[in-house]
Amino acid sequence: MEHWREWLTKSYGKKLKKIHAWNAVTILLLTITGILLYVPAFRTLGAIRVILKDVHIYLGVLSIVLILLYIPFIFKHLKQLKGKLGQRWNLGIVLFILLGWSLSGIVLWQLRSFPSSWNNAALLIHDLFTFVGVPYALYHSITRSRWLKSPARPKRVDYPGEKPKERSLTDLLYTRRVFIRWSVGLVLLAVIGSSFYRWLRSNFTGITPTLDKLVAESGNRMLPAPSPMADSLIPVGGGYQGNFRIYTVTPIPSFTSDNWKFAVTGLVDHPMALDWQSFINIQRKVQVSDFHCVTGWSVYNLTWEGIPLSEFLKLAGVQKKAKFVKFYSGDGVYTDTLSLEQAEMDDVMLAVLMDGKEIPQDYGGPVKLIVPKMYAYKSVKWLQSIELIEEDHIGYWEARGYDTDAWVDKPSV
Ligand SMILES: Nc1nc2c(c(=O)[nH]1)N[C@H]1C(S)=C(S)[C@@H](COP(=O)(O)O)O[C@H]1N2
Ligand SMILES: [Mo]
């Protein structure tokens, strides 16, 4: 309350200054939390990530509040900047960037309230604005910081009849300033440019590694290779659209058909331990589905070929007591669970082929669990065993704050 009264009595100029200062701090904190969330190496931060995401969202809301606080001043501010073309441009660019960040941020925050086909566009815009906005903000704040501005440029006075000095202090200062501006610009370009380049490459297909290349470079050696069914070969989905971001919480494991085993254990009548050959001898099926990560990116129209989980459950003979299915990754760390009812959905699949090719090691091959109706943290990569259990198990990300409810679209009740 006190704050508001204080705010209302402030002069126009002081209010603007205050908004500017708050905005600067908010953007700085958003940048730091955003970078920590974006860089894959920091995924091992676990529970901290979930907190970071919340903090990032709160900061984003704060920055939207700041924009709203600024709106009443916009015309007065523009009038004040009359004739100052550079500053007007700056204001326009800043507002544009803030708007892009906010709108795409809201979609990412409320992912489920928007069509899932918006995910990628929102993330793309959010990333793009970050790659442009963060260097802009850094450049803006470094080149305008006080140590670059002072000592103020002394006014040049020309006396009639006197020759101006060859190189005055003013000139030196000026060149120093120009020099520093250029260096700041170049350093920013070098540091941010390389990740921007990588981001561009991975988002605008054509230059991204093709599936063939990924398969060829895969560290897995699974022999014999499963031969794709006709629908897989085409592939019926028409080829997947979008890009995976490679996520892992451990070093990426590799497998050969010699050391790979698949186990079905727990509350089943026939526990199973299969080698690769017996695994791929089981009848597979082909399905087309989308893959949605809860962080906002999606891959569409994937043609998966694999064994329906329900088929496996039938083979193993689920006992009455079993209520949940627990999935273990061959990385030794990642796990997740589905209720028995969810596990029996007909599109839950133990996939071995993607668009007719072996699933690359990076994407979770040789066997990746696919749960199309749920966010992809349910889709355990390098799946190596399943266990039928009575009590619920809390999965890797759920234990770190992810929603246990991973439905992409809430099932209608
Ligand atoms: N073993 C394991 N499986 C995992 C994960 C992981 O870190 N380790 N990440 C999950 C999440 S959050 C997503 S979005 C997808 C990502 O799959 P991709 O790396 O093939 O893009 O895998 C899921 N399965
Ligand atoms: Mo994810």
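**Figure 1. Backbone at Trp-382, a non-glycine residue with positive phi.** Trp-382 lies in the loop between strand 9 (368-370) and strand 10 (383-389) of this predicted model. Helices (H or I, at least four residues) and strands (E, at least two) are DSSP runs, numbered from the N terminus. The phi of Trp-382 is about 55°. The residue Trp-382 is buried, with a relative accessible area of 2%; buried means under 20% relative accessible area, exposed over 50%, and partly exposed in between (1.4 Å probe, protein chains only). Asp-355, also not a glycine, has a positive phi of about 50°. Asp-355 is placed in the loop between strand 7 and strand 8 (357-358), and it is buried at 10% relative accessible area. Most residues other than glycine have a negative phi, and most peptide bonds are trans.

Numbering and thresholds apply to every view: residues are numbered from 1 along each chain as its sequence is written, while chains are lettered from A and ligands numbered from 1 in the order in which they are written. The model is predicted, so local features need pLDDT of at least 70, side-chain atom pairs count only at pLDDT 80 or more, and totals for chains, interfaces and linings use all residues; side-chain values use heavy atoms, with hydrogens and water left out.

Figure 2. Pro-224 is in the loop between helix 9 (211-217) and helix 10.

**Figure 3. The aromatic pair Trp-260 and Trp-276.** The whole structure has 23 aromatic pairs. Rings of Phe, Tyr and Trp (its six-membered ring) pair if their centres lie within 6.5 Å; planes under 30 degrees apart count as stacked, over 60 as edge-to-face and the rest as tilted. The ring centres of Trp-260 and Trp-276 are 5.3 Å apart and the planes stand at 85°, so this pair is edge-to-face. The pair links distant parts of the chain, 16 residues apart: Trp-260 is in the loop between helix 10 (230-233) and strand 1 (261-266), and Trp-276 is in helix 11 (residues 276-281). Relative accessible area is 1% for Trp-260, which is buried, and 2% for Trp-276, also buried. Elsewhere, Tyr-240, Phe-244, Tyr-247, Phe-291, Trp-297, Trp-304 and Tyr-363 form one aromatic cluster.

**Figure 4. Charged ends over tyrosine rings.** A charge sits over a ring if NZ of Lys or CZ of Arg is within 6 Å of the ring centre and within 35 degrees of the ring normal. The charged end of Lys-76 sits over the ring of Tyr-12, 4.2 Å from its centre. Arg-400 lies over the face of Tyr-396, at 3.7 Å from the ring centre.

**Figure 5. The second largest pocket, with about 1400 Å³ of space.** A pocket is defined on a 1 Å grid over the protein atoms alone as an open set of points with protein on both sides within 12 Å along at least five of seven lines; a cavity is a set of points where a 1.4 Å probe fits but cannot get out, and lining residues have an atom within 4 Å of a point. Grid points are joined across faces, edges and corners, and a volume is the space filled by probe spheres set on the points. Of the 38 lining residues, His-20, Ala-21, Ala-24, Asn-90 and His-140 lie nearest the centre of this pocket. Helix 2 gives the largest share of the lining, 13 residues. The lining divides into 22 nonpolar, 12 polar and four charged residues. Ala, Val, Leu, Ile, Met, Phe, Trp, Tyr, Cys and Pro count as nonpolar, Asp, Glu, Lys and Arg as charged, and the others, Gly among them, as polar.

**Figure 6. The largest cavity, with a volume of about 300 Å³.** The closest to its centre, of 24 lining residues, are Tyr-247, Tyr-334, Ala-376, Ser-379 and Lys-381. The lining of this cavity has 15 nonpolar, three polar and six charged residues.
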